[in-house]
Amino acid sequence: MLTDLQIAANVSGRKIASVNPATGELLREFECATEPEVQATVERARVAQPAWAELGIRRRLDLVSKFQRLLHQKKSELAQLVTREAGKPYVEALLTEVLVVLDAARFLIENAYRMLRDDPVPHGNLAMKTKSGHLVREPYGVIGIISPWNYPFSIAATDSLAALVAGNAVVVKPSEFTSLTAMELASLLHEAGIPEDVFQVIVGDGATGAALTNAAIDKLVFTGSVSTGKRIAQAAAARLLPVVLELGGKDPMLVLDDANVEIAASGAVWGAFVNAGQACLSVERCYVHRSLYEPFLEACVRKTGELRVGNGTDPETDIGPLIRERQLRNVESQVEDARAQGARVLAGGKRLPELGANFYAPTVLADATPGMRIMREETFGPVLPVTPFESDEDAVRLANDSEYGLAASVWTSDRTRGEALARRVQAGTVMVNDVVSCFGISEAPHGGVKASGIGRSHGRLGLEEMVRIKYLDADRLPGVEKVWWYGYGKNFTRQMEGLLDLQFARGLGRRLRGAVRAAGALKGKHRRSEIK
Ligand code: NDP
C-alpha cells in the first residue's frame, strides 16, 4: 500500500520556497522533484560511480583540495547565503558552516588515504597461521543524504565529502527551507571537478525525501528529527537499507559545586542560544548544584540581557530569527507549559514582533522540573531552563532521565572529577567545560545514543560509515590440503584435542603433550586410511 508521502511524491507541480526568515523575503521558489525524477537521479549516480571509484583516492583528494580552496575564496558569499536562508548571524555562518567544512576537508586530505587503506588482520589461532587476512574498504555505491535546515551547509557538506572521498556517488535532499545553500554546495563541488552525476542535489519536501529513501540507493545518511528518523528507519528496514540516523537531542549541562560560575553561565548562555537554540547539540536542560544556583541564574540573566537579537546580516547581532513561525509556536507552547507549572521566567519568554514574525527573545527559566515539556521534548529555540540538584549522584540521574542521548556537558574546576562523571552520562559525546564545539572537531565522531540516533558522522568513524568492509583472506600454502578437511577419525580427533590443549591448556607440560599429539596432523594424508 502506498503511503501519503509516496502518493505525494508522484505528483508533479508541488512547490517549495526558500524564504529569508529574518525579513520574510521570498528568495526563490522550486518545484519538488517527483519520484520518477528522484529515481532517474539515483540511476545517473549509479552509472557514474564506478569511474569515480576507479579514479583512486589520491585523485579524489586532489579534487577535495580544490573544493577547499574555492570554498575559502568564496567564504563570505557562502556565509551570507546561509545567513539569508537560515537566519543565523553571519559570523556564526562563517564559523559553524564554512570553517567546519574547510576543516572537514583538511581532515580528509590529511587522513583519508591512511584510514581507507587495507588493514592487515593478524591471526592468533595456530591453525590459521598460514593465512594472510586483510580488511578491505569498498564504497557502497550511491549514498543518499537527507539533511536539515539548521546547519544547511556543514551537515550536507561534511557527510558528502566523506562519502565522495570513499568513492561513492552522492545524492543530497536538503531541507525544503535551505535548497539554495545545497545548490551552492553542488556548484562548488562541480567547479572543483567532481563530476555532475557523482554529486547531485534534488530539491523537494518530505515526500521527495521519502522517494530518495525508497530509491535504489545503497546507504542513507539522515540528519533530522526523531519522528522523521523513525519513519526512515521503518522504510529502510523493509529492504535492509543501511542507515545512519543523526537525530535530535535534549542535551543536559551539569554545573558541579566547584565550577566557575561566570564561565559556566557564559557557556550556558551561548550553548542554549547559539543559532537561536536551533542546534542539535544546544544546551536544552541545565542542572546546577544548589550552592551555585542563585548566582548562576543571576549571571545567566545578566549575560542574556546583553545579547542583541536581530537580522543576522548585522555584525552586531548575537541571535537571529527562528526558521519559521511554526517553530516559534512550538517554543512558545513549551515555555507557557513551564510557566503554568511554576517555572519562573527570568528573561525573555516572549516574541519580538517589532523585529519580524520569527523572532523570540532569549529566555531563561528557573525552577524547571522534570515533568515539564521543556525538560523532555526537544525545544529547538532560544530557551535555557535551569534546575537545581543536590549531589553528583542526583545530577547523573537527572541527566540520564531522557529518551535522548546526543551530547552533554559537565562543568567543574576538577578535570578528573569531570571526566569521571562524564563517563556515567548516557550520550554520544560529553564535553567537560565546553558545549557544542565538539561539532567543530573534525577528528571527533558525532552521533547519539538512545533516541538520538544510530551510527556516527565526522572523523574516522564517520568515514568508516561510508564504506563496506570486506574481509579478504589468502592462503600462503595453496599447495597443501588443510588438516581440518575431511578425513575425520579417531586419530584425527586426538590430534585436534592436542591442538586445543597446545593453545589453551593450563601448564606447560599439558601444552607440550598437546603439541606432540597435534603434530601428527601435519602429516595430512595419514588420516585417510581410517576412511572406509
Ligand atoms: P526533519 O526531520 O523535519 O527534516 C529533516 C530532513 O528530512 C529534511 O530534509 C526533510 O525535508 C526530510 N524529510 C521530512 N520527512 C521525510 C520523510 N518522510 N522521508 C524522508 N525525508 C523526510 O528535521 P528538521 O529539518 O526540522 O531539522 C531539525 C531536526 O534535526 C532537529 O530535531 C535536530 O535536533 C535534528 N538535527 C540533528 C543533528 C545531529 O547531528 N544529530 C544535527 C542537526 C539537526 P523537508 O524539510 O523538506 O520537510
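**Around the ligand**

Guide: By class, the shell around the ligand has 13 nonpolar, 13 polar and five charged residues, where Ala, Val, Leu, Ile, Met, Phe, Trp, Tyr, Cys and Pro count as nonpolar, Asp, Glu, Lys and Arg as charged, and the others, Gly among them, as polar. This is a predicted model, in which local features need pLDDT of at least 70 and side-chain atom pairs count only at pLDDT 80 or more, while totals for chains, interfaces and linings use all residues. Residues are numbered from 1 along each chain as its sequence is written, and side-chain values use heavy atoms, with hydrogens and water left out.

Visitor: Which residues come nearest to the ligand?

Guide: Of the 31 residues around the ligand, those coming nearest are Ser225, Thr228, Leu247, Glu378 and His446, a residue being near if one of its heavy atoms lies within 4 Å of the molecule.

Visitor: And how far is the side chain of Ser225 from an oxygen atom of the ligand?

Guide: An N or O atom in the Ser225 side chain is 2.6 Å from a ligand oxygen atom, where a polar contact is a pair of N or O atoms within 3.5 Å; within protein, one must be able to donate a hydrogen and the other to accept it, and residues adjacent in sequence count only if both atoms are side-chain atoms. For Trp149, a polar side-chain atom lies 3.0 Å from an oxygen atom of the ligand, and for Gly204 a backbone N or O atom lies 3.4 Å from one.

Visitor: Changing topic, what are the dimensions of the box that the C-alpha atoms fill?

Guide: Taken along the principal axes, the box is roughly 95 × 55 × 50 Å.
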